[in-house]
Amino acid sequence: MFFGYDMEKFLLLLLVAALLLGPERLPRYAEGLARLTKRAREWLSGARTRVKEEMGDDFDDVEWSRLDPRQYDPRRIIRDALLDDAPVPTVKAAAAGTAAAATARTPLATAFDPDAVVPFDTEAT
């Protein structure tokens with residue numbers, strides 16, 4: 001509930017704080033906590049209105065879920081990439097000599113020829 005405490009632990013913590021502070025100081029600290037809470041709420045609402053004023057009408061159009069950093073978990077990205085059902089080019093289509101395979105030839109789609117001459121640029125070395 002609050003910082004990982006359940007209700008029973010939170011009530012016990014409040015009871016210990018009340019015993020430590022005593023009856024004469026407890027109302028003063030409670031008022032201070034109430035003032036701090038009011039100031040924090042006013043500051044947050046003021047910040048929210050300033051952001052809305054500065055961003056204009058586009059503020060409501062922002063998809064905040066897309067900006068969540070938890071969606072960029074590397075494990076999830078790799079899992080999604082591995083489970084992606086993208087079509088894989090086959091070597092058979094490139095070896096068949098079809099026009100589509102000849103125009104869309106990629107390094108993955110070409111067949112390996114062990115007898116082919118390795119390209120070598122004498123001017124580059």
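This is a predicted model: local features need pLDDT of at least 70, side-chain atom pairs count only at pLDDT 80 or more; totals for chains, interfaces and linings use all residues.
Me: Where is confidence highest, and where is it lowest?
Reply: Helix 2 (residues 26–55) is highest, at a mean of 91. Helix 5 (residues 99–103) is lowest, at 49. For the protein chain the mean pLDDT is 77. Of its residues, 78% reach 70 or more.

Me: How do you know that the length of helix 1 agrees with its residue count?
Reply: Helix 1 covers residues 7–21, which is 15 residues. The expected span is 1.5 Å times one less than the number of residues. That gives 21 Å, and the end C-alpha atoms are 21 Å apart, so the two agree. Just after helix 1, glycine 22 takes a positive phi of about 90 degrees.

Me: Why is the contact of arginine 76 with aspartate 80 called a salt bridge?
Reply: The cut-off is 4 Å from a side-chain nitrogen of Lys or Arg to a carboxyl oxygen of Asp or Glu. Here the N to O distance is 2.8 Å, so the pair qualifies. Both residues lie in helix 3 (residues 74–82), four residues apart, about one turn of the helix. In an α-helix, residues three or four places apart point the same way, because there are 3.6 residues a turn.

Me: What makes arginine 76 and aspartate 80 partly exposed?
Reply: The label covers values between 20% and 50% relative accessible area. Arginine 76 is at 30%. Aspartate 80 is at 37%. Both therefore count as partly exposed.

Me: What makes the pair of arginine 75 and aspartate 73 a salt bridge?
Reply: The N to O distance is 3.4 Å. That is within 4 Å, so the pair counts. By this rule there are two salt bridges.

Me: Why is arginine 75 called exposed, but aspartate 73 partly exposed?
Reply: Exposed means over 50%. Arginine 75 has 62%, so it is exposed. Aspartate 73 has 25%, so it is partly exposed.

Me: What share of the protein chain counts as buried?
Reply: Of its 125 residues, 6% do. The cut-off for buried is under 20% relative accessible area. The protein chain exposes about 11,900 Å², and carbon and sulfur atoms supply 62% of it.

Me: Which residue lies over the face of tyrosine 29?
Reply: Arginine 28 does, at 6.0 Å from the ring centre. As for ring pairs, the count comes to zero aromatic pairs.

Note on methods: Residues are numbered from 1 along each chain as its sequence is written. Side-chain values use heavy atoms; hydrogens and water are left out. Helices (H or I, at least four residues) and strands (E, at least two) are DSSP runs, numbered from the N terminus. Rings of Phe, Tyr and Trp (its six-membered ring) pair if their centres lie within 6.5 Å; planes under 30 degrees apart count as stacked, over 60 as edge-to-face and the rest as tilted. A charge sits over a ring if NZ of Lys or CZ of Arg is within 6 Å of the ring centre and within 35 degrees of the ring normal. Buried means under 20% relative accessible area, exposed over 50%, partly exposed in between (1.4 Å probe, protein chains only). Accessible areas come from the Shrake-Rupley method with a 1.4 Å probe; for residues, only the protein chains shown count as cover. pLDDT is the predictor's confidence in each residue, from 0 to 100.
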